[in-house]
Amino acid sequence: MGRIVYVNGEYLPEDQGKVSMFDRGFLFADGVYEVTPVVNGRLVDYEAHMERLARSLAEIRITGAPTRTALDNMHMGLIKKNGLAEGYIYMQITRGAADRDFKFPKDVKPTMIGFTQTASLIDNPNATVGVKVVTVPDLRWKRRDIKSVMLLGPVLGKQEAYEKGAFEGWMVEDGYVTEGTSSNAYIVKDNTVITRGLSSEILAGCTRRALFRLANEQGVNIVERKFTPDEAYGAEEAFLTSASNFVMPIIEIDGHRIGGGQPGPVARKLRELFLQEAMK
Ligand SMILES: Cc1ncc(COP(=O)(O)O)c(C=O)c1O
C-alpha cells in the first residue's frame, strides 16, 4: 500500500483516489480495462494492450476517452512515481458518472483510473513447480472478446477453483474448455500446442498473441481448435498464458496428473523465450 494512483488526470495517494458512486462502472459494469506487465521498469507488449483497449472501447461505444498520449503518459507516470520495477499497471475506462439510466448519458466524460501492482513475474515460484487447474462452468456473457469490467463469472469461477485448492479455473461451455477465468488455455499433444481459436467466446490474450509469434519463430506448431476436459486430462502438457503469469505450466487438471506432475518441456521453453523477450 502507499501507492500513487491515477484518477481522471490527477496523481494522488491511493487513499485519496476516488470516483463517484454514480460512476457507470460501479452501477452497470459499463467499462473496459487493461493489465500491462512491467519488467525492469519497462512495459511489456504495450502496443498490443493499447490496441485491444481501443477495440474494447469501440465495441461498447465509449467515445471521448483519453487520447493515446494521455494513456502513454499515465502508464509512464505511474511507473515513475511508484518506482515500479516489476509488476503490472491496471487501468480502466468507464462511460463516466451520470444519473442512473441504462441508456448512454449525453455529455459525460469517461472516467479513467490506473494503479500499479508489484509482482514477481520473472522469478515466479509457481512456474518452477507448475500449477493446478480445475474445470468450472463458464457463466459469462456472449462478448468475451471485449475486456469488460463485468467479471462476476470469472470471480465466481476463480473462487471455486481457489476453494478446491487450484490456481486457476478452466471454464467449460457445451463440453469444451473456453479459457481460464483470467488466462488463455493450452494443451500439448504430439509436440503440437492446441488452443481454442479466437472468436467472441474468448478474450484475445496479448500474451497469447506474443506466444504465437515466438512459437512461430521457433518452429513450434500451434493448432487452433476446441478441446474437452477429457482430452486435456490425457495431454502430454498443459499451460496457461496471461499478462501477469506469462506462460505458466500446469501439472494437474481436475486431479489428473499432467506430464507426470512436472512442468513440460514445451511450456518451459515457451516461458523461457517469453522471459528473454520481456527482459530485453
Ligand atoms: C478471460 C481472460 N482470458 C485471457 C486473458 C489473458 O489475456 P492477456 O494475455 O492479455 O493478459 C485474460 C487476462 O486477464 C482474461 O481475463
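Ala, Val, Leu, Ile, Met, Phe, Trp, Tyr, Cys and Pro count as nonpolar, Asp, Glu, Lys and Arg as charged, and the others, Gly among them, as polar. By this division, the lining of the largest pocket holds 17 nonpolar, 15 polar and 9 charged residues. The model is predicted: local features need pLDDT of at least 70, side-chain atom pairs count only at pLDDT 80 or more, and totals for chains, interfaces and linings use all residues. Residues are numbered from 1 along each chain as its sequence is written, and side-chain values use heavy atoms, without hydrogens and water.

**The largest pocket**

- A pocket is an open set of points on a 1 Å grid over the protein atoms alone, where a 1.4 Å probe fits, with protein on both sides within 12 Å along at least five of seven lines; lining residues have an atom within 4 Å of a point.
- The lining comprises 41 residues, and Tyr-33, Lys-147, Thr-181, Ser-182 and Ser-183 lie nearest the centre of the pocket.

**Aromatic rings**

- Rings of Phe, Tyr and Trp (its six-membered ring) pair if their centres lie within 6.5 Å; planes under 30 degrees apart count as stacked, over 60 as edge-to-face and the rest as tilted.
- This rule gives 7 aromatic pairs.
- The ring centres of Phe-246 and Phe-274 are 4.8 Å apart and the planes stand at 40°, so this pair is tilted.
- Both Phe-246 and Phe-274 are buried, that is, under 20% relative accessible area (1.4 Å probe, protein chains only).
- Tyr-33, Tyr-90 and Phe-115 form one aromatic cluster.

Technical notes:
Buried < 20%, exposed > 50% of the residue type's maximum accessible area, 1.4 Å probe, protein only.
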